Amino acid sequence: MKPIPQQEAEERFDALPAHLRESLFSEKNLSLIWDFGETNHLNGAKIQRVADITGAVILGFVHAEDLAKEFISDVGLPTDIANEFAAEITRKILAPIMDE
């Protein structure tokens, strides 16, 4: 994932509906990402990067369909873990907010 300029991220954040802004800072969502990462023996930096990429999806910088690919290329996750992580995030974080 290419770096996102701070100003552009702030502009997108300000334009988000409230439920998407809340999702970005949700303790529940962060716990889900952190727990999955720890279960799969990822270090804190990799878990944080997964959270950052998930946030980039919510902000519209990355397509949800590209999550696994980003986890492989950007975070260095093995394909099986990247695919499982992407499916989990899509099912438990992204799908519920897309339905709103």
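These legends walk through a few close-up views of a predicted protein model.

**Notes for all views.** Residue numbers start from 1 along each chain as its sequence is written, and side-chain values use heavy atoms, with hydrogens and water left out. Because this is a predicted model, local features need pLDDT of at least 70 and side-chain atom pairs count only at pLDDT 80 or more, while totals for chains, interfaces and linings use all residues.

**View 1. Confidence along the protein chain.** The average pLDDT (the predictor's confidence in each residue, from 0 to 100) is 93, and 98% of the residues score at least 70.

**View 2. Asparagine 29 in helix α3 (residues 27-39).** Asparagine 29 counts as buried because its relative accessibility is 11%; buried means under 20% relative accessible area, exposed over 50% and partly exposed in between, with a 1.4 Å probe and protein chains only. Leaving aside residues up to four places away in sequence, asparagine 29 touches Ser23, Lys92 and Ile93 (contact means heavy atoms within 4.5 Å).

**View 3. Where α3 meets helix α4 (residues 44-59).** The two axes (lines fitted to C-alpha atoms, for helices over the stretch in contact, with angles from 0 to 180 degrees between N-to-C directions) come within 10 Å and cross at roughly 140 degrees. Ile33, Trp34, Gly37 and Glu38 of α3 make the contact with Gly44, Ile47, Val50, Ala51 and Thr54 of α4.

Note on methods
Helices (H or I, at least four residues) and strands (E, at least two) are DSSP runs, numbered from the N terminus.
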